[in-house]
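Subject: Handover of a structure

Dear colleague,

Please find the sequence and the structure below. My findings follow directly after them.

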Amino acid sequence: MATVASSTARPAQRPRTFESTLKSAKTSLMFSETINLAIDSFKASKARFLLTMLGMVIGSASIILVVTLGLTGKNYALNLISSIGPNMIEMQFNGGSVAGPDNTSTPDFMTNADMEAVNSAVPGIIASSPMLEFHDRISMGSGITKDAMLLGVSPQYKRVRNLKVLSGRFFDEQDANSHAKVAVIVKPLARALFGGSEGAIGNTLTVSGIPFLIVGVFEESVETFGQSEISDQTILIPYQVARYFQGTDSVKQIFFTVANSSQVEPAAKRILEIIKARHRPTSVYTAFTLTQVLHVMGQIATMLTIVLTLAAAITLIVSGVGIMNSMLANVQARIREIGIRKALGATRREILMQFLTESVFLSLSGGVVGTVIGLAIPFSVSFLTPFKVPHSWMSAVVSLFTSVIVGVIFGTLPARRAAELDPVTTLKYE
């Protein structure tokens, strides 16, 4: 019985073997041969294909260069904002009062003791400064007086706010501990009073009848256009001296700086907890950092880069139209070749794959050349100049992927037209 079963099974296997052989015959053209045909077609019409490929080169290079310019602008903007105060945390008093006798109340300001408590409890703080603000009128000469804003700060305020000393020096710990009557004034005030930064050094300013020796002239690292605590009439004096003018140890703002940017938000949260714990529950304090500002600026810059990249991608669409026109002309010029291949047994799928491969090969070749050019320019600038231009490998991947997609999309129509040609008509074509 076993012998009979095996003998009856063999004829049933023959149709399947025949079908598989027939199927393999219909797909006899290997992919490597398709690639070779595409290369031969390229060699046969070098000038036409090179001109067609030029659009893809420009489009691919444009995408990478636009992304590079976007990253450069983003880094510049973020660095500019960061220079206001790298890793700075600004504690602000926003409201709340302390009840006193006779139904009086006083604002629940922060104190210098709060700053000392934070410095001892929060790790990573490398600089801190209280800020005591008051106003007074100073003489501008010729009987003219002007309202000036005096800020009592510590010597570390220069580091916290990343200030630039243009002339002279900033007061130091010795000045602060000895209660020296020294001042550092902002550049516009030095120009208005003494004609310039150099002329201000060594002169005196009288505040409430007390002369202050000007030891330095400063400016902010970035122009804040009056949006910070520093104005065009700002005078910085030691905090220990400013306390005598106000008769209080209270401050509305305290500045801190941590070692690196990753510590900013955790430190700000901890500082806020400590200061709230040292004051009334109804008092309101805010920990302001540049982290959120930098995050928003980064989002804006990224969105602008994406929009500009999409605009540059239009070039690839135009190039795709050029590839489609070139491939249509290529199909028209090779009608007899298509007819002969079909007569020899080439299937519609093989013809479709051949011309689609040629289209992708054409677009991808232009994409590769454009990508190399787009990456070479920022690398050359970084290598040959002191400027460090950022680059994105992801933009290269996007450029190459887009090139393939363009080749497939705009090569489908010519490939379908070639695959659907009638063999009899093509062989008679003159």
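I begin with Ser154, whose place is in the loop between strand S6 (144–153) and helix H5 (157–160). Please note that the model is a predicted one. Because the limit for a buried residue is under 20% relative accessible area, Ser154 counts as buried at 12% relative accessibility. A polar atom of the Ser154 side chain lies 3.2 Å from the backbone oxygen of Ser128. Leaving aside residues up to four places away in sequence, Ser154 touches Ser128, Ser129, Pro130, Phe170, Phe171 and Tyr239.

A second finding concerns the surface. Val369, Ile373, Ile377, Val381 and Phe387 form a nonpolar patch there, and together they have about 410 Å² of accessible area. Of these residues, Ile377 is found in helix H13 (residues 348–384). Ile377 has a relative accessible area of 40% and is therefore partly exposed, the range for that class lying between 20% and 50%.

Regarding confidence, the chain has a mean pLDDT of 80, and 83% of its residues reach 70 or more. Confidence in the chain is highest in strand S8 (residues 182–186), at a mean of 93, and lowest in helix H1 (residues 2–26), at 45. Over residues 1–15, pLDDT stays under 50, and the model has zero contacts beyond four places in sequence for them. Over residues 21–28, pLDDT likewise stays under 50, and here the model has six contacts beyond four places in sequence.

Yours sincerely

Technical notes:
Residues are numbered from 1 along each chain as its sequence is written. Side-chain values use heavy atoms; hydrogens and water are left out. Patches are made of residues with over 30% relative accessible area and no salt bridge: like charges are joined within 9 Å, nonpolar side chains (Val, Leu, Ile, Met, Phe, Trp, Tyr) within 5 Å. Accessible areas come from the Shrake-Rupley method with a 1.4 Å probe; for residues, only the protein chains shown count as cover. A salt bridge is a side-chain nitrogen of Lys or Arg within 4 Å of a carboxyl oxygen of Asp or Glu. Helices (H or I, at least four residues) and strands (E, at least two) are DSSP runs, numbered from the N terminus. Buried means under 20% relative accessible area, exposed over 50%, partly exposed in between (1.4 Å probe, protein chains only). pLDDT is the predictor's confidence in each residue, from 0 to 100. Contact means heavy atoms within 4.5 Å. A polar contact is a pair of N or O atoms within 3.5 Å; within protein, one must be able to donate a hydrogen and the other to accept it, and residues adjacent in sequence count only if both atoms are side-chain atoms.
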